[in-house]
Amino acid sequence: MEKQSKKDRLAQYKQRTITGGVAAVKNTANGKILLISAVDLHGCRNRFEFSQKMGGCMHMQLQDDWKKYGTEVFSFEVLEQLEKKDTQTAEEFSDDIKTLEQLWREKLASDRLY
């Protein structure tokens, strides 16, 4: 019975909707933004929240400000999401996410970006 349950859970995991996109880690103290693109936004948010709870910095570019201002001044915001289509390969999906990030880089003022 337990073996069948594991197979069912694995099948459900493989059939889940994969959502990627672009997110921003915002420093509310100085207004700077770190753009992050990820094929798994949920996992990216989890890493951010874990870093905040543990006091460690999730990204080397943020390290100086992370120490200077503390973890509480940083927030995580999803800017745009894409769902992976059944017909897309992982590489095609990743390329779409990277293109989306470039569009967001063009939208935002470069002096505000880490």
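1. Which residues does phenylalanine 74 touch, not counting residues up to four places away in sequence? They are Val25, Lys26, Asn27, Phe48, Gln52, Leu62, Asp65, Trp66 and Tyr114, where contact means heavy atoms within 4.5 Å.

2. A word on the basis: this is a predicted model, with local features needing pLDDT of at least 70 and side-chain atom pairs counting only at pLDDT 80 or more, while totals for chains, interfaces and linings use all residues. Residues are numbered from 1 along each chain as its sequence is written, and side-chain values use heavy atoms, leaving out hydrogens and water.

3. (A nonpolar core is a set of buried Ala, Val, Leu, Ile, Met, Phe, Trp, Tyr and Cys residues joined through side-chain atoms within 4.5 Å; helices, H or I of at least four residues, and strands, E of at least two, are DSSP runs numbered from the N terminus.)

4. Strand β1 (residues 19–27) is mostly covered, with 7 of its 9 residues buried, that is, under 20% relative accessible area with a 1.4 Å probe, protein chains only.

5. β1 pairs (at least two DSSP bridges) in the antiparallel sense with β3 (residues 74–83) over 9 bridges; glycine 20 has leucine 82 as its bridge partner there.

6. β1 also pairs with β2 (residues 33–38), again antiparallel, over 6 bridges, and alanine 23 stands opposite isoleucine 36. The hairpin of β1 and β2 has 5 residues between the strands, and glycine 31 takes a positive phi near 80°.

Note on methods. Buried means under 20% relative accessible area, exposed over 50%, partly exposed in between (1.4 Å probe, protein chains only).
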